[in-house]
Amino acid sequence: MSDTHTHTHTHTHTCPSLSCCFLISLIMDVRWVCSTLSLLISVIGAALGSVDDGWYTKVQAEVRVVEGYPVVLPCTFSHPQHSQHASLQVLWRLGHGQGATVLYRCTSGSGSPTCDPGPQQDRRYRLEGNPREHDVSLRISGAALQDSGRYFCRVEVQGRDHISFEDKMGTRLRVEAPPRILALSVEGSEESGFRALCRVQGSPLPDVQWLGPDDLLEGSLIGSPVGSSVGSSAVHFQTVSQLRDVEPGRRYICSASNPLGKEQAALYVLQPRPPLHVGGASPPLLLLLSLSLGAKLLLLVGVGLWMVQGGALQGVGCWWK
């Protein structure tokens, strides 16, 4: 019996050295990185190409201005190079949806370098850019607190296909104003007590303090509304501070401040006047006496006129007879 030996030969590739193995691994890593980068570049290029080949607008998220100064709301747009259009219409709206207000509208004809807003357009608003240069920025002269809100830029293209597009987020305009004291008054009576009221306006909403003859006094706010995001009334930037237990004969100061400035106004509370009495007579009795004397005076004047014009002349005629 003979033993049969089977020899199995396995051929393996071994690196002659450690540096050779590291070099091969590095080459494989570089190939993987290059293929990945090539794929990313192609994806990014396709995405950029789709943007360049479409319609879109570019606006600024937020713009701030101090009350009374002009402000520009930037808005640019792009469209495909191959697109053909006869005219462009530009719209600027304050707010979004059903409650939006169209503030500016103009039309630029084919080949025209200007955009005509029409005769009814409010002159506070005008186009700062040139639509033919893809710039439809809006300029507002003399910004007021009521102008605060979110604005939306819209471009409508008249041509083979009617196309309209706008930025969905819009531009938030924040109009800021230093404090202003609108009114300072006193209400109440001796029985219920007196209180001082100070109505102020500003944006950001001012902080109100009361100062007495000697120290800082504790006041309280009667509501503190703030501006809305759709459109604002000046009332949204006003607040009223009250100071209770005001004493007649003393001087009080209302002080309003915010990051843009400070304003103060002084209030002097007069002593209440006592009711007027003559000889212990009450006011209703004095009124009756005055009316009685007035009636008698009118009667005497009427009799005198009658005598002069009628009776006196008749007596003279009888004497001559």
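## Cysteine 75 and cysteine 153

Cysteine 153 counts as buried, at 3% relative accessibility. The structure discussed here is a predicted model. The partner of cysteine 153 is cysteine 75, and a disulfide joins the two with an S to S distance of 2.3 Å. The pair ties together parts that are 78 residues apart in sequence, because cysteine 75 lies in strand β4 (residues 75-78) and cysteine 153 in strand β9 (residues 149-159).

Cysteine 75 is buried too, with a relative accessible area of 1%. The torsion about the S-S bond of this pair is about -80°, so the disulfide is left-handed.

## The other disulfides

A search of the whole structure finds 3 disulfides. A disulfide is a covalent bond between the sulfur atoms of two cysteines.

One of them joins cysteine 198 to cysteine 254, with an S to S distance of 2.0 Å. Cysteine 198 is in strand β12 (residues 193-203) and cysteine 254 is in strand β17 (residues 251-258), so this pair ties together parts that are 56 residues apart in sequence. The link is left-handed, with -80° about the S-S bond. Cysteine 198 is buried at a relative accessible area of 0%, and cysteine 254 is buried at 0%.

Cysteine 106 and cysteine 115 form another disulfide, with their sulfur atoms 2.0 Å apart. Here the torsion about the S-S bond is about 95°, so the disulfide is right-handed. Cysteine 106 is buried at 1% relative accessibility, and cysteine 115 is buried at 12%.

Side chains of opposite charge can pair when their charged atoms come close. A search of the whole structure finds 11 salt bridges.

Glutamate 62 meets arginine 174 in a salt bridge of 2.7 Å, N to O. Glutamate 62 lies in strand β2 (residues 62-66) and arginine 174 in strand β11 (residues 171-189), so the pair ties together parts that are 112 residues apart in sequence. Glutamate 62 is partly exposed at 31% relative accessibility, and arginine 174 is partly exposed at 32%.

Glutamate 62 also forms a salt bridge with arginine 64, at 3.1 Å from N to O. Arginine 64 counts as exposed, at 54% relative accessibility.

## Glutamate 156 and arginine 154

The side chains of glutamate 156 and arginine 154 meet in a salt bridge of 3.1 Å, N to O.

Elsewhere, salt bridges that share partners join Glu62, Arg64, Arg174 and Glu176 into one network.

Technical notes. Residues are numbered from 1 along each chain as its sequence is written. This is a predicted model: local features need pLDDT of at least 70, side-chain atom pairs count only at pLDDT 80 or more; totals for chains, interfaces and linings use all residues. Side-chain values use heavy atoms; hydrogens and water are left out. A salt bridge is a side-chain nitrogen of Lys or Arg within 4 Å of a carboxyl oxygen of Asp or Glu. Buried means under 20% relative accessible area, exposed over 50%, partly exposed in between (1.4 Å probe, protein chains only). Helices (H or I, at least four residues) and strands (E, at least two) are DSSP runs, numbered from the N terminus. A disulfide is a pair of cysteine sulfur atoms within 2.5 Å.
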